[in-house]
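I opened this notebook to record what I looked up in the model, one topic to an entry.

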Amino acid sequence: MISMYGADWCGDCRRTKAQLTEFGVEFEYLDVDANSELKSRAIEISGKPNIPVVVFEDDSYLIEPSNSDVEAKLRELGVLGNFK
């Protein structure tokens, strides 16, 4: 399953969360403001304090991705199928 580390105050996080939802992709939203361990884990994964951090099923991740970056990765993984 895809994991997304983010926070409600983060515009990029809201955008990425909305995109994943629009695509109908199952993902786990991990609020770094609600849990300091999640914040530490996101930094450990990415090496940066930036969010969102989106971790994919192949253990790759994107930091502050654009919509096109997320879509390209989902297509690469075959998650989107024929979604247009």
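Entry 1, ground rules. I am working from a predicted model, in which local features need pLDDT of at least 70 and side-chain atom pairs count only at pLDDT 80 or more, while totals for chains, interfaces and linings use all residues. Residues are numbered from 1 along each chain as its sequence is written, and side-chain values use heavy atoms, with hydrogens and water left out.

Entry 2, the sheet. I took helices (H or I, at least four residues) and strands (E, at least two) as DSSP runs numbered from the N terminus, and counted two strands as paired if DSSP finds at least two bridges between them. The 4 strands make an open sheet of mixed pairing, in the order S2-S1-S3-S4. S2 and strand S4 (61-63) are the edge strands, each pairing on one side only, and the average twist from one strand to the next is 15 degrees. S3 and S4 run antiparallel and are joined by 3 bridges; I noted that Val53 has Ile63 as its bridge partner in S4.

Which residues of H2 are buried (under 20% relative accessible area, with a 1.4 Å probe and protein chains only; exposed is over 50%, partly exposed in between)? I found Ala42, Ile45 and Ser46, and they lie on the same side of H2 because they cover an arc of only 80 degrees around the axis, the arc being that of the directions from the helix axis to the C-beta atoms. The buried residues of H2 pack against S1, S3 and S4, whereas the face turned away from the buried side carries the exposed residues Ser36, Glu37 and Glu44. At the start of H2, I saw that a side-chain oxygen of Asn35 comes within 2.7 Å of the backbone nitrogen of Glu37; after H2 comes Gly47, with a positive phi near 80 degrees.

Met1 sits in the segment before S1 and counts as partly exposed because its relative accessibility is 49%. Setting aside neighbours within four places in sequence, I listed its contacts (heavy atoms within 4.5 Å) as Glu26, Phe27, Glu28, Val55 and Glu57.

Notes. Axes fitted to C-alpha atoms, helices over the stretch in contact; angles between N-to-C directions. Polar contact = N/O pair within 3.5 Å; in protein donor to acceptor, adjacent residues only side chain to side chain.
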